[in-house]
Amino acid sequence: MTLEVVSVGFGYGGSVPVLKDVSISVGDGEVYTLLGSSGSGKTTLLNIIAGFLRPDSGRVMLDGEDITHIRPERRGVGMVFQDYALFPHMNVRNNILFPMKARNLARAEMDGRADELCELVGISHLRDRMPSELSGGEKQRTAIARALAADPRVLLLDEPLSALDAALRIELRGELRSLLSSLEVPTLYITHDQREAMAISDRIGYLLDGRIIEEGTPEKLYWRPERVQTASFLGFGNIFRVKARGNGSIATPLGPIPWNGDMPSHIGFRPDSVRIGTDGGGLKGKVISSEYRGSSLFLRVSCRSVVVIMEVDPHIGAGKGDEVTFSIPRDSIVPLR
């Protein structure tokens, strides 16, 4: 089973387009995350795939079948909403049974399937509780079980962790990754949280102003993005414009560096790739701010004409006004366009 979005465009009421020529492909058992800030078009695309909106152009394909104009209830799409949308007057078990009742299944079959799903998502002990008696994580698991109860051909998740507190989000994203990996359907997940996307996904598409400007594995986008916008959104912090210098090097605000291959418009490197020390050699700068983050120290260092952001060992203890020496490993410098 493969979900394909082919050159989809959409605008609300003829206004400025929200989606512009968007194409993605999600394979069987794959978790594909649409990552982007609020207003980038993530939920709009999800609603088009689910059938709640019709695209102005392009197609939605599921296993080779064009489902663009098929009614939502006939698409075989399971959806988990941001607020879970559980029926407040039904207990957990009846929430899960609800999609199966619409399919006129035998009672014994429905009961057996509900029990399987409760066990799959770890809520067997909660089946008689009402939604008002559930924690945020328990509501999320119930919503996923209900979405799976309809035996969907594709699963869509609209920021399912966003309503939870930070500690619970961290705890649940690992569980959610394990659960989604065990399913044999294409899964499209949307979020604005880069850490969540990295933890959940097989592949990520970065959506900006209605276009997917870059996609790749979490590892690839984290360490070696190709676009300035992607690198900035994913926390590179240090992105500088460069110029050709000749003689196999490029000019940067931090000095010339050897360069082979195509000429980039910018270079970038992550704050945690900077190496700091007090011995001779390397670049020198003055700390203009120091932020303790428990496992690391976040420094902003003035060097030459720019500010370099670095995330270093907290035991270094550098504070505002201190002089520091640092270096950037060549293999951590990424060409950007």
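**Entry: S7.** I looked up S7 and found it in strand β1, residues 3-10. Helices (H or I, at least four residues) and strands (E, at least two) are DSSP runs, numbered from the N terminus. The phi of S7 is near 50°, a positive value in a residue other than glycine. I noted S7 as partly exposed, at 31% relative accessibility. My classes use a 1.4 Å probe and protein chains only: buried is under 20% relative accessible area, exposed over 50%, partly exposed in between.

**Entry: ground rules.** The model is predicted, so local features need pLDDT of at least 70 and side-chain atom pairs count only at pLDDT 80 or more, while totals for chains, interfaces and linings use all residues. Residues are numbered from 1 along each chain as its sequence is written, and side-chain values use heavy atoms, with hydrogens and water left out.

**Entry: R304.** I then checked R304. R304 sits in the loop between β18 (297-303) and β19 (306-312). R304 is not a glycine, yet its phi is positive, about 55°. Its relative accessibility is 57%, so I count R304 as exposed.

**Entry: N91.** N91 lies in the loop between β6 (77-80) and α2 (92-101). Is N91 buried or exposed? N91 is buried, with a relative accessible area of 15%. A polar atom of the N91 side chain lies 3.3 Å from the backbone nitrogen of R93. I left aside neighbours within four places in sequence and listed the contacts (heavy atoms within 4.5 Å). N91 touches R127, D128, R129 and M130.

**Entry: the two domains.** The domain assignment gives domain 1 (1-230) and domain 2 (236-334). Such bounds come from an automatic or database assignment. Their centres, taken over C-alpha atoms, are 39 Å apart. Five residues of domain 1 are in contact with nine residues of domain 2.

I looked up the buried area next, meaning the accessible area (1.4 Å probe) that two parts lose on being put together, summed over both. The domains bury about 640 Å² between them, 56% of it on carbon and sulfur atoms. Which three residues lead on the domain 1 side? Y222, R224 and V228 supply 67% of the area that domain 1 buries against domain 2, more than any other three residues.

By class, the side of domain 1 that touches domain 2 has four nonpolar, no polar and one charged residues.

Key
Ala, Val, Leu, Ile, Met, Phe, Trp, Tyr, Cys and Pro count as nonpolar, Asp, Glu, Lys and Arg as charged, and the others, Gly among them, as polar. A polar contact is a pair of N or O atoms within 3.5 Å; within protein, one must be able to donate a hydrogen and the other to accept it, and residues adjacent in sequence count only if both atoms are side-chain atoms.
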